[in-house]
Amino acid sequence: MPSPAEESEGLDRPNAPGLAGLERTVHSSAIFHECSYEFVEAIMLQIRKILLHPGKVLVKEEDAAPRSMYFVLFGTLDIYRLDQKIGSLTSGGVLGEGVLLGILDSWSYTVVARDSCMLAEMTSGVLGEVLQEHPEEAEYFEALLEYFAIRKEELEENSAHLRRSLRRMPCLRQVSEEFLQAIEKGLVHQLYFSEQSILTEGQDSSFAAFLSDGEVVVEAAQRAVRREEVPFVEFRFTMNPEGDSRASVADSEDPRRGSHRRASRVRKSVMESRRPSGEDVAVESLISLTNKARAEAMIAEAVADGLTPGYDVNALPEAAPFGEECLLGLGPSSVTLSVCKLSVVLLLHRAVFEHLLQDFPKDRAALSRFQPELLPKANFQDLPICQHVDMSNELLDFFARHVERRIFFPGDYIEPDNVQIFLPKQLLNPSSNITYAIVSSGHVRVKTPPGLELAPFGHLSSGDILGPGSILPGSWFWSSVKVQALQICFVTVLHRGVIARGLEEMPREREKVLPLLIRENTGNPNVAQQVRSSERVAKILRERSIFANTSQDFLAEILNFGTVRVFMPGDRILQQGAEGNSMFILSLGLAQVVKETLEELDGSVVRNLYFIGGLTFGSVFGELVMLGVQSKRTASIVASSTCCTWEVEQERILGILNRHPVERTNFLKLVEEHLDKLAAPRVIHHKLFSDFSAQFRTLIGVNCERRLYFPRETIVREGTTGDRMYIMNLGSASVKVAKQSVMQIRGGSHFGFNMICSDKEKYTMTITTDTMCQVLIITRSSYQHALSKYPEMKEVALHLEATERSRQRKQFAGFMKLVHRRRGLRYLLEAMRDGMLSEAKNSAQMNDSNKSTLQTVIKGWRQEVAKSAELRQGDEQLRQFNDAQIYNWLQKRKRRIEQVKPDRERCRWMIDTISNRGPAGPKPKLEPIQSNANARAAARMQEIRDWSPYMTPAPVWRRRPQSPRTERGPRSPRGPSRARGHSE
């Protein structure tokens, strides 16, 4: 199924793979993200290519077959659901992952070729065969299938579960049951993998998405603003990772929470001093009752136009709807929806939705309530933060471009974000939440806890009803304030992450706004000078070991190429498990180090958040990933106040190191020291040596060499000799054969094993690093030394050598096939470029003559391809025929041998009996009389004993040898008797 970026008509994709980029497309496919490169290589060797003519149907909706996954090499495929076109797929597109894995029972859309298309197909049979040889990947996919099988059983127990979950979308809350059933049949079931995007901010995706199972992050201006998870996993918080994981922060008696208790007592005393008198309480109670009755009347009036009673959203099955504005045609998507883990998503396309509405006129009339004529543009000048700082129009325009538009049904509670669910309340200071929700249309009702003042609007009280244009500060939602929609409300949300992103891109605005925010939280009057000072960052860098002995020029370049990042309270600066290539220096603010784990408790899964410690001014984090020591973040960093950080990316610092050789040398030594402890375990536990003993693996692991390579350095060259085997520990590198890139390798991959087994081998490929790489080297001498010390492993080594040679020959044959195919395509393109088509620079300049020439060339090329395929088929048929003939001849020979076997046994028995038979009685032994007759009889018996109808050569007429005589008479003439004697 196409992603949003692939749905545009006539989209020109610069990275369209075609035949040349198939390997890179397959290797980078999301379904293989957790798989080894050896596994993907094995898949690549069995992928077959298919050609579709225009109008050819690839798959049909509701069909269970084919259970295959497809990669589009070139051409365009149109996607249909209920005979309505819902998108298109071009070069580089992938479809069918869910059907291939068996997570989805059938295809939920029809795929038709718009023009001539070539696809690469991977069947479920191929996947199963390869998984048998790769147990780690087999375990990974089996775990996925087991989880989704359990989820499928839960859904099958209640068939209406899926249909009822669709009502979580406000516009579907009151549609008829018949229309909802029709929508259920028109849904497209799609599987999304980690780091894929479902919706893209600013793009009209023309569909709505329902998260049925999985986890996603909602982003605005490239900042995460909230998370959604289905089914929701309960959170438990603890400040002590060594203690009981069930102890939450709210229930713990940590002395570090004393400041929070003192602040709570101060707020309580202030509230008591402001408590109204008895007469004021009576008036407020009367007003509250009046507002309550008015609110109930507004909700009843709002739901009166629906076809069904209003549903309580909390009573509906779990699901997370997105993209409602795209479905209703109100505008493009206002957020980006990124997948965190493997997720099942249901897509409702606008074309299908409008097609179904034609048969349900009442539902169409009811949905007209969600089509406002004109929504007022949000006025950010009225925001409380703008009352203290004069913001530029450029910054306000940035806010307007990245707001999130949301729709709430009458009775729903408005929540701009849900960060308070994923973090403990003690970490969140309500006054530091600068998120703002503006009610663009409709009325809402405010409900506050007793004694809480609605800052900064002190004139408001619990139960008040607010109309269009009202501003709902984010501090309310972190203070247990509830805001209920009384009508169909369109709400514009300006997230605090968007404000932080705008301050990053506009330094002048940052110098004005950031000191104000930090001053309100800390009360530090000198914060403005700290924000503008870069000497603070330089001082921090000198205190770190990796920059302690560096020159002033080197630090100046780092400061020049560094990037300022701003994070608001509750934002995750780093996410555990995410990939990265940069480090951060905390120059302002406070942050918490959080470790996240999953455990099963009382039959349910619980996510534990361990707060390991705090980070203050001067803290540096993420340097191990920047150095290349680690590939993923090992912990999360959560901002507990407004934070200003200095980010340094790996690519930029490596460029600086190239200009400073002294720092480069020191940098390499430091990184190697960090990586030394990771080298031996990689070799010891590498699956290549899994059949060797633990002592053997430990010996070669301890004696292996470590080397660090910078990007674009060459590890080995094709055709050169050597005595080393290489194992990629960290980083990624490109593999080239005949100067053409054929694949990419990462941590865990190995090459050059044959070089340590024999001194007559050469490297068959060139390896060039793409990122900073740590490579482990096993020399021939260390490998042979280990074999001499443990001779019982020689048999295992011989078996491994034969296996690796076979694998390498097969892999190299596949690479050469790819290289030859690319060369053929290049020759064809060069011939077309140098011919009549060279004058046509683009399709607009191509005349009828050029088009005719192009069609002739393509037609001739197809004929040659068909002819080659026919010749190959004829050769294959001839080979099969010859194999059958040889097999039949061998079977016939076997039967003939079985037929003559009794006669041969009988003759052998007769000869043995005659030779072993003795005299009849006890007579003296006499010397045997040798005669020519006896000699001839013995020779004849020997011929009979050794005779075989298949092993005996063709008969040749030869003269019988003369028997010894005392006198040699004259030669007698030839006659019948002599001929008969010779033939005997």
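A salt bridge is a side-chain nitrogen of Lys or Arg within 4 Å of a carboxyl oxygen of Asp or Glu. The model is predicted: local features need pLDDT of at least 70, side-chain atom pairs count only at pLDDT 80 or more, and totals for chains, interfaces and linings use all residues. Residues are numbered from 1 along each chain as its sequence is written, and side-chain values use heavy atoms, with hydrogens and water left out.

Q: How many salt bridges does the structure hold?
A: There are 34 salt bridges in the structure.

Q: What makes glutamate 504 and arginine 223 a salt bridge?
A: Their closest N and O atoms are 2.1 Å apart, and the limit is 4 Å, so the pair qualifies.

Q: Why is H20 called roughly antiparallel to H22?
A: Helix H20 (residues 552-561) and helix H22 (residues 650-658) pack at an angle of about 150°, with their axes 10 Å apart. Axes here are lines fitted to C-alpha atoms, for helices over the stretch in contact, and angles run from 0 to 180 degrees between N-to-C directions. Angles under 35 degrees count as roughly parallel, over 145 as roughly antiparallel, 65 to 115 as roughly perpendicular and the rest as oblique. That is why H20 is roughly antiparallel to H22.

Q: Which residues make the contact between H20 and H22?
A: Phe554, Glu557, Ile558 and Phe561 of H20 meet Arg652, Ile653, Ile656 and Leu657 of H22, where contact means heavy atoms within 4.5 Å.

Q: Why is H13 called oblique to H16?
A: Helix H13 (residues 393-401) packs against H16 at about 140°, their axes being 10 Å apart. This angle therefore makes H13 oblique to H16. On the H13 side, Leu395, Phe398 and Phe399 take part, meeting H16 residues that include Val498 and Ile499.

Q: What makes H24 roughly antiparallel to H25?
A: The axes of helix H24 (residues 694-702) and helix H25 (residues 780-789) come within 10 Å and cross at roughly 150°, so H24 is roughly antiparallel to H25. Phe696, Leu699 and Ile700 of H24 make the contact with residues of H25, among them Tyr783 and Leu787.

Q: Where is the cis peptide bond to proline 66, and what is its omega?
A: The bond from alanine 65 to proline 66 is cis, with omega near 0°. Proline 66 is in the loop between strand E2 (57-59) and strand E3 (68-74). Another cis bond joins valine 230 and proline 231, with omega about -10°; proline 231 lies in the loop between E12 and strand E13 (234-238).

Key: Helices (H or I, at least four residues) and strands (E, at least two) are DSSP runs, numbered from the N terminus.
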